[in-house]
Structures are given as structure tokens and as C-alpha cells.
Amino acid sequence: MADLSTNYLGLKLKNPIIAGASNLSASIEKVKAMEKAGVAAIVYKSLFEEQINLESAELDEELEAYNERHAEMIKIHPDIKHAGPKEHLMHLKKVKENTTIPVIASLNAIYEETWIEYAKMIEETGVDALEINLYHVPKKFEITSKEAEENQLKIVKSIKKAVKIPLSVKISPFYSNPLNFIQQLDHLKVDGIILFNRLFEPEIDIKEEKHIFPFNLSNKGDYRLALRYAGLLHGQINADVAAASGIFDGQEVVKLLLAGADTVQVVSTLYKNKIEHASQMISQINSWMDEKGYEKIDDFKGNLARKNTKDPFVYLRAQYVDILLNSSEKLLNNYPKP
Ligand SMILES: Cc1cc2nc3c(=O)[nH]c(=O)nc-3n(C[C@H](O)[C@H](O)[C@H](O)COP(=O)(O)O)c2cc1C
């Protein structure tokens with residue numbers, strides 16, 4: 001049996017599978033089920049700034065007014081409006097007390113003051129690390145990318161100063177140059193980068209001609225964006241890298257590790273395939289390592305990172321160059337006839 005243990009944010013994990021932030025981590029029963037299935041750590045669902053700001057307000061209308069700002073909050077968090085920050089911190093503490101695996105808290109806020117105050121309160125709950133979920137939903141034409149990035153970096157810098165526990169940052173892929181932004185985060189000495197958060201996108205029902213808010217989970221194959229950046233980042237930054245978005249089975253975890261990720265975060269697969277699926281993912285990684293004769297994760301981690309591959313363009317191709325240069329006949333023949 002191979003040794004799947006790995007390090008992430010200075011924490012020793014028994015394997016590279018972390019349950020990403022979601023409502024699953026809000027239930028002690030589900031956290032225990034995740035622990036039993038072999039998940040190595042959990043990220044507790046985010047404390048949203050809107051929870052803080054609107055704690056004592058009548059929430060329904062205000063939440064709709066805030067709709068544009070918190071892309072991940074409305075509807076995929078139907079119960080969030082009932083939970084204020086105090087209740088959130090209480091639950092977080094309870095989860096930490098009821099599990100033996102590391103618990104990472106998550107904070108999702110926009111204004112500096114609220115971040116710092118709540119980051120400190122989160123730290124006091126005894127959690128093992130803090131993850132900041134950064135996102136920017138454009139709504140004003142006049143804000144430049146530089147301003148938006150500087151605002152985010154300023155927040156991270158202040159929070160890094162305010163807490164002692166390890167700090168990781170979950171980002172979206174929507175930067176002109178994610179590598180540059182990640183490098184700036186690395187210079188601020190954050191302990192980890194999570195690639196990537198998945199924002200809630202609006203949807204329209206054409207029969208009713210209205211907006212709808214479907215429960216949106218990732219689809220199989222969505223991991224490839226994270227794979228590209230894990231491959232580009234491996235060996236280039238000090239921060240650990242957690243790949244997230246669309247990782248569904250053990251073979252996909254292996255791919256991300258080969259590209260150079262240190263860990264993975266999973267949510268959709270736990271919803272779609274049930275929590276117990278995590279144990280199957282672990283067995284799949286184990287079998288692959290045994291088959292290949294790898295004893296530990298470091299034996300193969302990053303073997304296919306850009307830095308270690310002979311093809312310098314493997315992570316840089318953005319278009320279907322090969323297909324354009326080669327006969328499209330071959331490609332057509334690979335697809336079944338309608
Ligand atoms: C029901 C649900 C709740 C979520 N809650 C949070 C959250 O509180 N904070 C956060 O940063 N991400 C949240 N996410 C996003 C996930 O942590 C993750 O980034 C995203 O689902 C992509 O990973 P996946 O493809 O494995 O699902 C949530 C996702 C779902 C489906």
C-alpha cells in the first residue's frame with residue numbers, strides 16, 4: 001500500500017483529497033461521513049460579508065439587492081440568510097471540535113475592515129487554516145483590472161498580517177494574467193493558492209421568461225483549466241497549490257498531481273457520487289501508485305509540470321493548432337456518424 005500523505009499549508013494530510021467549501025461541511029454528520037470516507041481535510045463553508053453586514057436586517061429584499069456582488073451565495077446557499085456571523089462561528093467551532101481531520105475556514109468578503117475583524121474571530125475558533133475566497137464580479141465599466149487586483153492584494157496583505165494561522169487564497173481564473181496575480185500573492189507569503197473557484201452564473205428560463213438559479217455543479221472534464229495552471233506553477237512559487245473544479249475520480253487526482261498540484265479540493269463529486277465516493281478515489285490513487293511502483297506522492301508529483309517536460313509548449317497551447325495543421329479528415333473519422 002502506497003503512502004499517500006502530503007503536506008499542505010504546513011499541515012500534514014493523510015492524502016491529497018480535501019473537501020472544498022460547501023454546505024456539506026456545515027453538517028457535523030456529513031463531516032463525520034467525509035472523515036470516515038478518508039477525506040484528509042475539509043474547508044468549512046464561507047462566511048460571506050453579506051452575512052456580516054446584514055446580520056440584524058430583514059434579509060430577503062436586501063439579499064436580492066446584493067445579488068450581483070456575491071455570485072456564489074444566492075440560491076446555492078438557500079439557508080445562508082438565516083445564519084449570521086455569530087452562528088457561523090459557533091458552527092465552525094463545533095465542527096472543529098467534532099472531527100480529527102484539519103478544518104480550514106473560509107472567508108468571502110470585500111471590504112478590508114470586515115475581513116480583518118472576522119479573520120481574527122475565525123482564528124480564535126481553533127481552525128487549522130483560513131482560506132480567502134477572492135472574486136470580482138464586474139459591474140462598473142470604469143474600474144480597471146489593475147484597480148481590482150490592487151484592492152484584492154491589499155485585503156490579502158492586511159489579513160496575512162492579522163492572523164497567525166496559515167492563509168490560502170482561492171481565486172477565479174478571470175485575470176488577464178493569472179500567473180502574475182498568483183506571483184503577487186506569493187510575494188505576500190500566502191501559504192496556498194486554490195485553482196479555481198467556480199462562480200455562479202445567471203440562467204434564464206425561456207418559457208417563463210425569467211431568471212432561474214439552478215444548483216450548479218461542475219461537469220466531468222472541467223478540471224483541465226486547473227491542470228494547465230498547476231502545470232505552469234509547479235516549482236515556480238513557494239505557496240502550495242490546490243487544484244479544484246471538476247475533479248471527479250482518483251485518476252483525475254493523479255493527473256493534477258502529475259501536473260504539479262500538492263492537493264485537490266472536491267465538492268461536485270461528493271454531491272453527484274455521494275460522500276463515500278472519496279474512499280474509492282483514494283483506492284484509485286493507491287492502485288495507480290502500486291501499478292507504477294510509486295511509494296509516495298513526491299515520487300511522481302510534478303513529473304509532468306511544464307518545468308519537467310520536454311515539450312515547452314504543452315501548457316501554452318491555447319488553440320487547436322495540431323488540428324488546424326493536420327487533416328480534419330482524421331478528426332472527423334474519430335467521431336461517430338450522426
Ligand atoms: C452547494 C455549494 C456550496 C458552495 N459553497 C461555497 C462556499 O461557501 N465558499 C466557497 O469558496 N466555495 C463554495 N462552493 C464552491 C466549491 O467550493 C468549489 O470551488 C466548486 O464547487 C468547484 O469544485 P467542484 O468542481 O469540485 O464542485 C460551493 C459549491 C457548491 C456546489
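Trainee: Where in the chain does Glu-209 sit?

Mentor: Glu-209 lies in the loop between β10 and β11 (210–212). Helices (H or I, at least four residues) and strands (E, at least two) are DSSP runs numbered from the N terminus. Before we go on, numbering starts at 1 along each chain as its sequence is written. This is also a predicted model, where local features need pLDDT of at least 70, side-chain atom pairs count only at pLDDT 80 or more, and totals for chains, interfaces and linings use all residues.

Trainee: Is Glu-209 buried or exposed, and what makes it so?

Mentor: A residue is buried if 20 or more other C-beta atoms lie within 10 Å of its own, exposed if 12 or fewer, and partly exposed in between, with C-beta atoms placed from the backbone. Glu-209 has 7 other C-beta atoms within 10 Å, so Glu-209 is exposed. Its phi is positive, about 50°, although Glu-209 is not a glycine.

Trainee: And why is Leu-9 called buried?

Mentor: Leu-9 has 24 C-beta neighbours inside 10 Å, and therefore counts as buried. Leu-9 belongs to the loop between β1 (6–8) and β2 (11–13). Its phi is positive too, near 55°.

Trainee: What makes β9 a covered strand?

Mentor: Gly-192 and Ile-194 on one side, and Ile-193 and Leu-195 on the other, are all buried, which leaves both faces of β9 covered.

Trainee: What shows that β9 pairs with β8?

Mentor: Two strands pair if DSSP finds at least two bridges between them. β8 (residues 167–171) and β9 have four bridges, in the parallel sense.

Trainee: What makes helix α8 mostly covered?

Mentor: Eight of the ten residues of α8 (224–233) are buried, including Leu-227, Tyr-229 and Leu-233. Among the elements covering them are α7 (178–187), β12 (240–244) and α9 (250–259).

Trainee: What is the largest nonpolar core, and which residues have the most contacts inside it?

Mentor: A nonpolar core is a set of buried Ala, Val, Leu, Ile, Met, Phe, Trp, Tyr and Cys residues joined through C-beta atoms within 7 Å. The largest one has 82 residues, and Ala-230, Ala-243, Leu-256 and Val-264 have the most contacts inside it. Its largest share, six residues, comes from α8.

Trainee: What does Leu-256 touch?

Mentor: Contact is counted when two C-beta atoms, placed from the backbone, lie within 7 Å. Leaving out residues up to four places away in sequence, Leu-256 touches residues including Ala-226, Ala-230, Ala-243 and Val-264.
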